[in-house]
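Subject: Structure for you to look at

Hello,

Here is the structure I said I would pass on. Please open it alongside this message, and read my notes below with the model in view.

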Amino acid sequence: MGVRNTKLTDEKEQNYINVYKELREAAPEILENINKDPQNADIGLAQYKKIENIIIGGGFTNYEDFIYTNAKIGSIFSIMQAEKSMTTFENKNESGNEMFEDAIRQFEELINDPDTPEDMKAEYKKSIEEIREAQNEMNDEYGNNLKWANAVLSAQKISGLVVDEEDIRIVAKYEQEIMATYVGFQLPELPDGKFPKIDFTSYE
């Protein structure tokens with residue numbers, strides 16, 4: 001099996017996280033050395049060797065093995081985060097519509113109440129129109145954002161890499177560690193200790 005089709009395992013994921021952290025720590029010094037004389041090929045090669053030694057020392061076959069592993073993990077992880085954001089976005093839109101409909105129902109009850117003065121009924125009808133307008137604007141914005149989000153997800157579909165359910169399971173298992181590695185700080189505790197379950201069937 002070529003490195004392009006590398007399988008993700010617990011060991012490979014742990015190696016990736018450890019190597020990624022080590023590369024982040026070493027990067028400033030490596031860049032500083034290269035910038036001392038960017039045209040010096042010997043310096044560039046020496047710094048590349050440092051990177052390669054970290055990668056191979058961390059359990060990867062070679063530089064290419066790490067690059068394809070990084071591409072696979074990064075792609076799966078990105079889709080997971082995009083799906084999570086879309087779920088939150090959809091929930092907020094649903095809650096907003098419920099709030100608008102509840103306000104409209106209350107005004108309609110007042111309008112249908114025979115004890116409500118006619119001038120107040122006119123004001124309540126005007127309020128309903130304003131609420132409907134605000135609701136339509138919110139839903140239009142939601143629709144536009146949803147198109148954008150779907151376009152992003154489509155662009156992030158994993159092309160050129162062989163990905164199966166086990167690869168996705170491994171990335172999901174180490175999701176918090178990957179996040180902490182990428183952003184440089186530990187995630188706050190989640191209510192059930194993990195992100196919501198994500199259905200990847202749409203990306204097959």
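What follows is what I found, from the overall fold down to single residues.

One caution before the details: this is a predicted model.

Overall make-up

The chain has 6 helices and 0 strands, so the order of elements from the N terminus is α-α-α-α-α-α. Of its 204 residues, 32% count as buried. The accessible surface is about 13,100 Å², and carbon and sulfur atoms account for 51% of that area. Taking contacts between residues at least 6 apart in sequence, 78% join residues at least 24 apart.

Nonpolar cores

The largest nonpolar core has 21 residues, and the members that touch the most others are Val19, Phe66, Val171 and Ile178. At least two residues of this core come from each of α1 (10-36), α2 (41-57), α3, α5 (165-173) and α6 (175-183). Helix α1 gives the most, with 6 residues.

Beyond residues up to four places away in sequence, Phe66 touches Tyr16, Val19, Tyr20, Leu23, Ile55 and Phe60. There is also a second, separate core of 6 residues, with Ile104, Ile111, Tyr124 and Ile131 among them. For background, nonpolar side chains tend to be buried together in soluble globular proteins.

Helix α6 is worth a look of its own. Its buried residues are Glu175, Gln176, Ile178, Met179, Ala180 and Thr181. The cover over these buried residues includes α1, α3 and α5.

Salt bridges

The structure holds 8 salt bridges, and I describe three of them here.

Asp167 pairs with Lys72, with the closest N and O atoms 3.2 Å apart. This pair joins distant parts of the chain, since Asp167 sits in helix α5 and Lys72 in helix α3, 95 residues apart. Are the two partners buried or exposed? Asp167 has a relative accessibility of 1% and therefore counts as buried. Lys72, at 0% relative accessibility, is buried as well.

Arg132 and Glu101 form another salt bridge, with 2.9 Å between the closest N and O atoms. Here too the pair links distant parts of the chain: Arg132 is in helix α4 and Glu101 in helix α3, 31 residues apart. Arg132 is partly exposed because its relative accessible area is 33%. Glu101 is also partly exposed, with a value of 26%.

In general, an α-helix has 3.6 residues a turn, so residues three or four places apart point the same way. Asp102 is partly exposed at 35% relative accessibility, and Arg105 is partly exposed with a relative accessible area of 45%.

The loop at Thr116

Thr116 is located in the loop between α3 (63-112) and α4 (118-155). Its relative accessible area is 10%, and the cut-off for buried is under 20%, so Thr116 counts as buried. A polar atom of the Thr116 side chain lies 2.6 Å from the backbone oxygen of Leu110. Apart from neighbours within four places in sequence, Thr116 is in contact with Leu110, Lys121 and Tyr124.

Surface features

Leu45, Tyr48, Tyr63 and Ile67 make a nonpolar surface patch of about 340 Å². Helices α2 and α3 are the elements that give two or more residues to this patch. Within it, Tyr63 belongs to helix α3 and counts as partly exposed, at 33% relative accessibility.

Lys126, in helix α4, is partly exposed as well, with a relative accessible area of 47%. The C-alpha atoms of Lys126 and Phe107 are 9.9 Å apart, and the two residues are separated by 19 residues along the chain.

Regards

Key
Residues numbered from 1 in each chain as written. Predicted model: local features only at pLDDT ≥ 70, side-chain atom pairs only at ≥ 80, totals over all residues. Heavy atoms only, no water. Helix = DSSP H or I, 4+ residues; strand = E, 2+ residues; numbered from the N terminus. Buried < 20%, exposed > 50% of the residue type's maximum accessible area, 1.4 Å probe, protein only. Polar contact = N/O pair within 3.5 Å; in protein donor to acceptor, adjacent residues only side chain to side chain. Contact = heavy atoms within 4.5 Å. Core = buried A, V, L, I, M, F, W, Y, C linked by side-chain atoms within 4.5 Å. Patch = residues over 30% accessible without salt bridge, like charges linked within 9 Å, V, L, I, M, F, W, Y side chains within 5 Å. Areas by Shrake-Rupley, 256 points an atom, 1.4 Å probe, with all protein chains shown as cover. Salt bridge = Lys/Arg side-chain N within 4 Å of Asp/Glu carboxyl O.
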